[in-house]
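This report describes one protein chain for a reader who is new to structural models. Please keep the sequence and the structure in view while reading.

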Amino acid sequence: MTQVEPRPRLSSAALDALADGCPRYFALRYKLQAYWPARAGQHPQGEDDGARLGSVFHRLVQQHACGLPLAPLLEAWEGLHPGLTQMWARFATSEHFSPPLEAEVWTEQSLHLQVAEVPFVARYDRIVAHAGRWRILDWKTGHPSGETLRRGWQARLYPFVLTEAAQVLSGGSPIAPESVEMVFWLVDTGEAVVIPHSASRHEATRQRLTALARQACAPFDPRVHDDAAFPRVPSRCPPCAYHTLCNAGPFEPSEMLVWPSPPVFLPPSDAGLRAAEAP
């Protein structure tokens with residue numbers, strides 16, 4: 001019996017890998033969910049210090065949205081993440097800290113839909129509905145450029161999914177693409193990158209997602225060095241966790257260890273024997 005390969009669930013990170021990164025990395029990570037150890041000092045499949053700080057900030061926002069006290073967390077985490085208190089103070093003075101009282105707000109909200117029978121998922125830091133407008137807020141730590149954020153798949157996928165699937169949030173009423181905007185709020189600077197949605201952008205995204213969904217479902221054989229559907233992008237190999245899997249070669253340890261010399265056993269000398277026998 002032929003085993004049917006499960007359809008991958010596509011996120012914005014998966015789309016970035018498939019469309020603009022390395023298709024083979026996409027297939028290994030998101031189709032096969034393969035694990036392969038990276039070399040020391042690499043964090044391609046885990047969190048580095050900046051990502052951990054971002055996770056902590058997201059938790060604080062969620063705690064605040066739930067009305068829970070933050071002082072104990074800030075005191076406990078500041079020692080582990082220097083600058084966190086300053087980041088939070090910057091956020092507390094922004095327009096996004098306290099949405100209008102009449103607004104509807106969803107924090108850490110996930111929405112799902114299918115395109116070409118392939119599941120897509122968007123995980124929102126915050127959605128604010130107010131006065132007929134829908135604002136998607138995403139907290140960004142680090143220093144990403146506005147151009148990088150506009151070009152990434154998150155800026156296209158999140159407004160598309162909200163427009164298509166947010167009837168569950170709007171009580172069944174449709175949402176017009178023109179009423180949606182994506183806002184990346186840069187935690188380190190307090191700046192905002194605003195990307196409006198539109199009907200033309202929405203349909204262009206639908207067509208592109210349909211093509212990528214079909215590509216994502218193509219058969220993949222990891223034993224083939226350069227699979228036609230999921231080729232390698234050599235320029236992305238060195239920092240990738242799968243580098244030694246995709247480019248197998250002689251073992252080359254990153255750090256050479258100096259092995260200690262084995263002990264040498266010599267017969268005892270006559271002088272040594274006399275010294276041992278002396279009272």
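## Surface and overall make-up

The chain has an accessible surface of about 16,500 Å², and carbon and sulfur atoms account for 56% of that area. The model is predicted.

The chain contains 11 helices and five strands. Of its 279 residues, 37% are buried.

## The nonpolar cores

The largest nonpolar core consists of 51 residues. Within this core, the residues with the most contacts are F26, F120, Y124, W134, V161 and L162. Helix α7, which covers residues 154–165, contributes the most to this core, supplying seven residues.

What does Y124 touch, once residues up to four places away in sequence are left out? Its partners are T107, E108, Q109, L111, I136, Y158, V161 and L162.

Another core lies apart from the largest one and has 20 residues. Its members include V61, L74, W88 and W139.

## Confidence in the model

The mean pLDDT of the chain is 84, and 82% of the residues reach 70 or more. Over residues 251–258, however, pLDDT stays under 50. For this stretch, the model has one contact beyond four places in sequence. Where pLDDT is low, predicted coordinates should not be read in detail.

Note on methods. Residues are numbered from 1 along each chain as its sequence is written. This is a predicted model: local features need pLDDT of at least 70, side-chain atom pairs count only at pLDDT 80 or more; totals for chains, interfaces and linings use all residues. Side-chain values use heavy atoms; hydrogens and water are left out. Helices (H or I, at least four residues) and strands (E, at least two) are DSSP runs, numbered from the N terminus. Buried means under 20% relative accessible area, exposed over 50%, partly exposed in between (1.4 Å probe, protein chains only). Accessible areas come from the Shrake-Rupley method with a 1.4 Å probe; for residues, only the protein chains shown count as cover. A nonpolar core is a set of buried Ala, Val, Leu, Ile, Met, Phe, Trp, Tyr and Cys residues joined through side-chain atoms within 4.5 Å. Contact means heavy atoms within 4.5 Å. pLDDT is the predictor's confidence in each residue, from 0 to 100.
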